[in-house]
Each structure stands twice: as structure tokens, then as C-alpha cells.
Amino acid sequence: MRRGIVWMDVVTAVTIVGLLLGLASVMRGERLAGSPLGIGGDTLVLAGRRLRLKGFDAPEIQQSCGPPAALHRCGEEAKAGLRALIAGRPVSCVIGGRDR
């Protein structure tokens, strides 16, 4: 159980750093605000739009990580970390471009 808690702490810390880096590097753009839903470790839905967070490189939602004997669902853990970070709080995003 402790392994899951430690991994979640790492995912949360990476999420926070990514948000800060992404927000700091955004230039002018369309602004959206509201209460988002985290649908992945680096993706959320806000105001009906699917948004990828700039500066994030989270595991894909179905991705597993770790050695074969101790695989864990890191994609789901990353999504849970983003959801915990936003937890129904209102956020504001500036659209800085399109994902490739």
C-alpha cells in the first residue's frame, strides 16, 4: 500500500510542476474558466473542450509502469493525481495552440 501512496505523491508533484511550467510559458490566447474534469494525467475537459496541458508528459491512460513483478496502472494514477489537484476547483486556462 505504501508504494501506491509514494507513487501518487510523485505523480501529484509532477502534475503541479507541469502546471506551473505550462502556465508560465503560455503566451496570449483564448481564456477559458470553470470547473474542469481530469480525463488523463495531462488532459482535462473545460467548458466542453478537451485540453492538453502544455509542458506535461504524463503516462497514457492505459499505460502500466514498473518491473513485470510489480506492474501498476500509472496512467490511471496520473489521472487520479490531476483530478486530486483540481478536485472540482475552478481553474482558468489560456489556449496557447494546438497539440501535434
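The legends below describe close-up views of a predicted model.

**Conventions.** In this predicted model, local features need pLDDT of at least 70 and side-chain atom pairs count only at pLDDT 80 or more, while totals for chains, interfaces and linings use all residues. Residues are numbered from 1 along each chain as its sequence is written, and side-chain values use heavy atoms, with hydrogens and water left out.

**View 1. An open sheet of three strands has the order 2-3-4, with antiparallel pairing.** Strands (E, at least two residues) and helices (H or I, at least four) are DSSP runs, numbered from the N terminus. Two strands pair if DSSP finds at least two bridges between them. Strand 2 and strand 4 are the edge strands, and each pairs on one side only. Strand 2 and strand 3 are antiparallel, with two bridges. Strand 3 and strand 4 are also antiparallel, with four bridges. In a regular strand the side chains alternate between the two faces of the sheet.

View 2. Leu46 has Arg49 of strand 4 as its bridge partner.

**View 3. Hairpins join strand 2 to strand 3 and strand 3 to strand 4.** The hairpin of strand 3 and strand 4 has two residues between the strands. Ala47, in this second hairpin, takes a positive phi near 55 degrees.

**View 4. Arg49 and Glu30 form a salt bridge.** A salt bridge is a side-chain nitrogen of Lys or Arg within 4 Å of a carboxyl oxygen of Asp or Glu. By this rule the count comes to four salt bridges. For Arg49 and Glu30 the N to O distance is 2.9 Å. This pair links distant parts of the chain, 19 residues apart: Arg49 is in strand 4, and Glu30 is in the loop between helix 1 (2-25) and strand 1 (31-34). Buried means under 20% relative accessible area, exposed over 50%, and partly exposed in between (1.4 Å probe, protein chains only). Arg49 is partly exposed at 35%. Glu30 is partly exposed at 42%.

**View 5. A salt bridge joins Arg52 to Asp42.** The N to O distance is 2.9 Å. The pair links distant parts of the chain: Arg52 lies in strand 4, and Asp42 lies in the loop between strand 2 (37-38) and strand 3 (43-46), 10 residues apart. Arg52 is partly exposed, with 43% relative accessibility. Asp42 is buried, with a relative accessible area of 7%. Side chains of opposite charge can pair when their charged atoms come close.

**View 6. Salt bridges that share partners join Arg73, Glu76 and Lys79 into one network.** The closest N and O atoms of Glu76 and Lys79 are 3.6 Å apart. About one helical turn separates Glu76 from Lys79, because they are three residues apart in helix 2. Glu76 is partly exposed at 27% relative accessibility. Lys79 is buried at 18%.

**View 7. Helix 2 reaches 18 Å from its first C-alpha to its last.** The helix has 13 residues. Its span is close to the 18 Å expected at 1.5 Å a residue, where the expected value is 1.5 Å times one less than the number of residues. Buried residues in this helix include Cys74, Gly75, Leu82 and Ile86. Just after helix 2, Ala87 takes a positive phi of about 35 degrees.

**View 8. Cys65 and Cys74 form a disulfide.** A disulfide is a pair of cysteine sulfur atoms within 2.5 Å. A search of the whole structure finds one. The sulfur atoms of Cys65 and Cys74 are 1.8 Å apart. The S-S torsion of Cys65 and Cys74 is about 55 degrees, so the disulfide is right-handed. Both Cys65 and Cys74 are buried. Cys93 is buried as well, at 13% relative accessibility.

**View 9. Gln62 lies in the loop between strand 4 (49-52) and helix 2 (74-86).** Gln62 is exposed, with a relative accessible area of 72%. Gln62 and Glu76 are 14 residues apart in sequence. In space they are 7.0 Å apart, C-alpha to C-alpha.
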